[in-house]
Amino acid sequence: MHPIIILVAQRLALSTLLLIAASALIFAGTMILPGDVAQSILGQSATPESLANLREELGLNDPPLTRYFDWLFGALQGDLGTALTNGRDIAESIGQRMSNTLFLAFWAAIISVPLAIMLGLIAVRYKDRWPDKLISAVTLASISIPEFLIGYLLMYFIAVKLGWFPSVAMIGDHMSLLQKLQAIALPVMVLTLVVLAHMMRMTRAAILNVMQSAYIETAELKGLTGFQVIARHAFPNAIAPIVNVVMLNLAYLVVGVVVIEVVFVYPGMGQYLVDHVAKRDVPVVQACGLIFAAVYIGLNMVADIVSILANPRLRHPK
Amino acid sequence: MKNIPISALIGLFLTALYFLMALFAPLIAPYGMAQVVGDVWEPSKIEIMLGIAPAGFTESNFWLGTDNIGRDLLSRMIYGGRTTIFIATAATILSFVTGSVLGFFAAVMGGWVDQVLSRFVDLIMSIPTLIFALVVLSVMPVTVPILIVVMGLLDSTRVYRLARAVAVDITVMDYVEAARLRGEKNGWIIFREILPNALSPLVAEMGLRFIFAVLFVSTLSFLGLGVQPPEADWGGIVKENKEGIVYGIPAALLPAVAIATLAISVNLVADWVLNRTTSLKGGRG
Amino acid sequence: MSDPLLKVRDLKIGATVYPPGEKPHDIEIVHGVSFDLAPGKVLGLIGESGAGKSTIGLASMAYGRGGVKITGGEVWVNGRDILKTSHRDIRKLRGGEVTYVSQSAAASFNPAKKIMDQVVEAAVEQKKFSRKEAESRARELFAKLGLPDPDNIGDRYPHQVSGGQLQRCMTALALCPEPDLVVFDEPTTALDVTTQIDVLMAIKEAIADTGVAALYITHDLAVVAQVSDDIMVLKMGNTVEYGNTDQIINNPQEEYTQALVSVRSIEHEEKQPTADPVLSVDGITARYKGLNFDVLHNVNVELHPGQTLAVVGESGSGKSTLARVITGLLPPREGEITFAGRKLSSDLKGRTREDLRELQMIYQMADVAMNPRQTVGTIIGRPLEFYFNMRGAEKRKRIIELLDEIELGEKFIDRYPAELSGGQKQRVCIARSLAAKPKMIICDEVTSALDPLVADGILKLLLDLQKIENVAYLFITHDLATVRAISDSIAVMYQGRVVRYGPKSQVLSPPFDDYTDLLLSSVPEMHLGWLEEVVAHRKMESAGN
């Protein structure tokens with residue numbers, strides 16, 4: 001078998017293993033830690049009977065391992081259990097919210113990825129001149145402010161003072177695509193700003209790394225134009241690191257979404273998760289945690305696999 | 001050390017200023033932290049001086065105005081800075097001690113110790129930090145010590161990776177091998193051969209971890225899962241005053257200024273520490 | 001003679017340096033160099049590191065590496081000053097009229113593209129040939145350069161061929177567009193000595209066949225003597241001597257050139273064994289963890305007090321592994337080591353402090369063998385403290401004695417390694433090992449990273465110290481000239497085995513085994529026509545078989 005297939009299969013298996021381990025960790029994090037779930041849901045004034053009832057209802061009397069496997073197999077079949085706070089099916093509640101979240105993340109990615117790569121290239125092209133320095137300064141500023149504050153800054157100046165976009169991102173099924181885009185314009189802008197800085201900086205570093213290779217000098221000494229050097233010799237070697245950068249930042253974006261949804265009161269997964277953490281609704285928290293971890297692990301896996309596929313040493317073994 | 005660049009000097013000055021304010025908050029703050037001293041969202045002296053206060057206001061007793069229930073914002077910012085900086089500092093120290101001790105240990109021991117520790121850290125890092133923190137905080141009582149422990153331990157995975165990588169780079173150096181061949185004990189190797197060479201990158205990283213801790217605790221407080229009212233902290237101030245934004249009241253944006261200046265100052269210092277290291281390396285070649 | 005192909009006049013080159021703790025500033029690294037090169041001729045540029053030879057070579061393509069800028073003078077190629085011509089014209093020059101062969105072909109080939117695509121790229125781009133013509137020309141060059149399977153090797157990726165083969169592919173890449181001039185920048189330096197001779201011959205024949213002119217840049221005078229018509233000796237960016245090859249080699253005028261010509265001619269009389277061996281290695285077989293084959297097979301050698309055993313071999317011969325086994329860093333699978341009359345524990349942990357003290361080691365790369373955060377005094381003082389419990393004034397006195405012995409002196413005591421030159425660093429490492437008053441020192445390629453003259457100084461120092469301290473050396477090297485200069489007995493290693501072992505006079509005299517013969521005859525000698533003699537000799541032998 002081609003060694004690359006083996007390597008990719010190994011990555012897939014490893015990611016699956018990691019996901020299972022992560023699920024165990026999430027489960028353990030909510031079940032075995034010192035706090036008693038029933039107690040913390042009902043508070044200190046709960047009667048012993050109500051505590052016992054809740055423990056029974058939650059299945060807290062079963063051994064932890066049994067509960068974990070019940071939960072895991074349920075999750076694999078799409079059954080995420082029911083929410084403690086309102087008794088609704090979690091999978092159902094998550095469905096709509098997840099598509100909202102993906103909608104938001106999708107548009108943020110569509111805008112930020114090409115923009116970041118382009119700006120990264122500009123920074124490399126004008127290395128150590130003013131465009132590069134400006135980009136570094138903006139990067140430093142934007143990684144120094146938490147996402148939610150960037151959100152409020154934009155909300156204050158663009159939505160409230162200028163009135164260009166709504167300050168709250170409510171979307172619903174009755175809206176047209178254009179209306180929806182109008183509604184999510186601000187949160188998309190914030191998310192773009194948040195990942196842009198990292199992505200630009202990492203793209204710049206990745207391309208500079210390739211441009212310093214000896215084979216770039218060889219190409220220059222062949223009398224090729226600057227464009228030919230980049231297109232023929234730098235680009236094929238820069239794909240893998242850039243894809244890696246993009247994937248890592250998309251993973252970062254998925255987490256950024258959580259906070260931004262709260263800022264703009266956007267009906268997505270993040271808002272749902274934060275609400276239920278506050279209400280100590282453990283099954284919902286577990287379900288959301290598992291989904292976020294799965295997305296995160298999945299994106300990291302794609303980054304790994306792209307690096308393997310793009311490596312000529314692995315693609316063309318001796 | 002004579003020629004510290006101007007940017008690093010500014011950074012050092014501002015960082016020191018913030019830490020002094022945190023230490024002496026009760027002496028500096030004009031009012032008590034939870035003391036209600038005025039109306040809701042009174043405009044600030046600064047706004048009045050600049051002439052951008054809402055119509056009808058011509059004077060103010062408060063440099064930064066009042067908050068959503070009429071407390072002095074400047075006092076809350078100062079006390080809030082104290083809480084935020086304290087939690088971030090404590091979490092950073094915890095993450096550094098745990099992460100670097102385990103990282104050095106893994107690098108020097110190698111073998112299965114290294115494997116077990118590193119794979120466990122991989123696992124923790126496979127779940128986004130914020131999500132993991134939310135999961136844990138959903139079942140734990142949210143108190144300051146618990147916040148510090150959760151943040152510190154989660155962040156120690158990053159420190160572990162860096163400390164291990166730096167130490168592994170150093171342990172393969174011939175001078176460490178020479179020390180082993182001389183018969184030196186592990187203690188000498190870690191403290192005399194590895195540590196002096198690993199210190200600068202670790203100190204620079206400490207700055208970045210501290211910034212991250214400030215952002216993280218602010219985020220948690222903003223989400224209502226960090227510092228609990230009536231205690232003040234920068235993230236909490238945003239949460240309390242966010243409703244004002246829609247009415248054009250900028251109170252919630254004050255922490256942005258504070259966090260950003262603190263973070264940039266620390267960053268400038270960290271950059272300088274790191275550059276000093278690289279220039280030393282360049283001199284070696 | 002018609003106009004020269006390449007005419008360089010008063011060339012000055014500058015660079016920006018970034019010293020630690022100071023502001024970056026510009027310095028001049030080449031101070032007004034002039035020379036001519038006629039069509040079809042070869043000029044050798046020779047000098048130690050920092051001489052500016054590569055920089056001058058690249059200037060003939062109007063190229064500056066990193067922060068390097070040409071600041072003055074003229075460079076005429078084919079009748080025009082390329083420092084004043086247009087960008088478009090420079091692109092025509094590079095890859096069309098002048099091409100380049102670098103030291104490391106492995107790094108200079110793009111890992112993501114097939115060899116053929118890269119070899120023909122310049123020829124096609126410069127419209128010298130159609131793609132088809134260029135490919136058939138490339139195949140001819142592959143054959144001429146002695147590459148295996150010349151018709152198909154172009155379809156491979158760079159990592160799929162060996163280092164020596166890739167270096168020849170790089171030569172094909174440079175010759176493919178039919179340039180007027182090729183700049184060879186240390187093309188054989190990274191190769192093993194037995195591979196070097198083949199590549200050297202291939203390059204020489206290719207130059208002769210195609211009638212191309214060449215600038216041949218190297219630090220090895222013996223190599224450049226084989227291929228060039230003229231030689232220019234450079235030092236610190238200045239011309240020391242410039243003349244035809246015969247004159248430079250056989251009648252050098254300048255002192256510096258004379259030193260370069262006579263380098264590695266240290267005479268060392270072989271000593272007879274006088275006492276029981278200080279070290280005997282018996283039947284050592286070893287492998288690295290995780291590998292399923294042995295790196296050393298049944299190695300047996302002995303070393304006598306106050307003498308030098310040279311272990312010589314090419315990369316992968318197992319010579320450094322042997323050092324690791326003796327030091328206890330790699331416990332062997334079989335065999336044992338006796339040192340100073342006692343059996344040594346195979347593992348470092350089982351050795352006594354006395355074992356460790358009496359067996360010291362010096363490394364190839366002196367700059368990573370010293371902790372950059374310790375002063376010279378601390379570095380040399382630590383073994384005194386550790387083994388002899390010396391403190392304060394007593395320790396300082398001994399450190400100064402050692403510094404005098406290595407010809408550096410007291411003023412170095414508070415310096416950091418970064419403030420020392422390569423040769424000085426290696427001297428400090430020698431002092432550190434002497435501080436332990438060892439019976440034996442393992443020297444692992446201690447002169448390989450140094451310029452020839454500096455290396456000579458280190459070898460002389462080691463020989464002097466051996467007389468004073470009566471210390472034995474196990475000297476690991478790939479360089480046979482070093483072996484001749486320093487050893488009393490020799491072990492030749494090949495693929496993990498000792499293929500020849502005995503006193504120096506015996507090992508270096510015929511009859512030879514095949515490998516030793518190949519190895520000895522591959523070492524470039526400082527006389528004209530050596531390359532042809534060796535190649536003719538080998539052809540005769542293979543015809544005879």
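1. Two residues are in contact here if their C-beta atoms, placed from the backbone, lie within 7 Å. Ala, Val, Leu, Ile, Met, Phe, Trp, Tyr, Cys and Pro count as nonpolar, Asp, Glu, Lys and Arg as charged, and the others, Gly among them, as polar. Helices (H or I, at least four residues) and strands (E, at least two) are DSSP runs, numbered from the N terminus.

2. Please keep in mind that this is a predicted model, in which local features need pLDDT of at least 70 and side-chain atom pairs count only at pLDDT 80 or more, while totals for chains, interfaces and linings use all residues. Residues are numbered from 1 along each chain as its sequence is written, and chains are lettered from A and ligands numbered from 1 in the order in which they are written.

3. Next comes the contact between chains A and B, which takes 41 residues from chain A and 37 residues from chain B. Several helices of chain A each supply at least two residues of the side that touches chain B, among them H1, H2, helix H6 (130–142), helix H10 (226–263) and helix H12 (282–310). Which helix gives the largest share of that side of chain A? H7(A) does, with eight residues. The side of chain A that touches chain B has 32 nonpolar, seven polar and two charged residues.

4. Chain A itself is divided into domain 1 (3–76) and domain 2 (98–310), with bounds that come from an automatic or database domain assignment. The C-alpha centres of domain 1 of chain A and domain 2 of chain A lie 31 Å apart. Their contact takes 16 residues from domain 1 of chain A and 14 residues from domain 2 of chain A. On the domain 1 side, helix H1 (3–31) and helix H2 (37–42) of chain A each supply at least two residues, and H1(A) gives the most, with 12 residues. That side of domain 1 of chain A has 11 nonpolar, four polar and one charged residues.

5. Within chain A, have a look at H6(A) and helix H8 (residues 177–211), which pack at an angle of about 130° with their axes 9 Å apart. Therefore H6(A) is oblique to H8(A). Axes are lines fitted to C-alpha atoms, for helices over the stretch in contact, and angles run from 0 to 180 degrees between N-to-C directions. Angles under 35 degrees count as roughly parallel, over 145 as roughly antiparallel, 65 to 115 as roughly perpendicular and the rest as oblique. Ile135(A), Val138(A), Thr139(A) and Ser142(A) in H6(A) meet residues of H8(A) including Leu193(A), Ala197(A) and Arg201(A). By class, this contact of H6(A) with H8(A) has six nonpolar, two polar and one charged residues.

6. Chain C also holds an open sheet of four strands, in the order S2-S1-S4-S5, with antiparallel pairing. S2 and strand S5 (80–81) of chain C stand at the edges, each with a single partner strand, so one side of each has no neighbour in the sheet. Two strands pair if DSSP finds at least two bridges between them. Strand S1 (residues 6–17) of chain C is joined to strand S2 (residues 25–37) of chain C by 10 bridges; in S2(C), Phe35(C) is the bridge partner of Val8(C) and His25(C) that of Val17(C). S1(C) also pairs with strand S4 (residues 68–77) of chain C over eight bridges, and Trp76(C) in S4(C) is the bridge partner of Lys7(C).

7. Chain B has 11 helices and zero strands. Along its principal axes, the C-alpha trace of chain B spans about 80 × 50 × 30 Å.

8. Finally, two backbone details in chain C are worth a look. Most residues other than glycine have a negative phi, and most peptide bonds are trans. The peptide bond from Pro510(C) to Pro511(C) is cis, with omega near 0°, and Pro511(C) is placed in the loop between helix H18 (504–507) and helix H19 (514–522) of chain C. Glu178(C), a residue other than glycine, has a positive phi near 50°, and lies in the loop between helix H6 (163–175) and strand S7 (181–185) of chain C.
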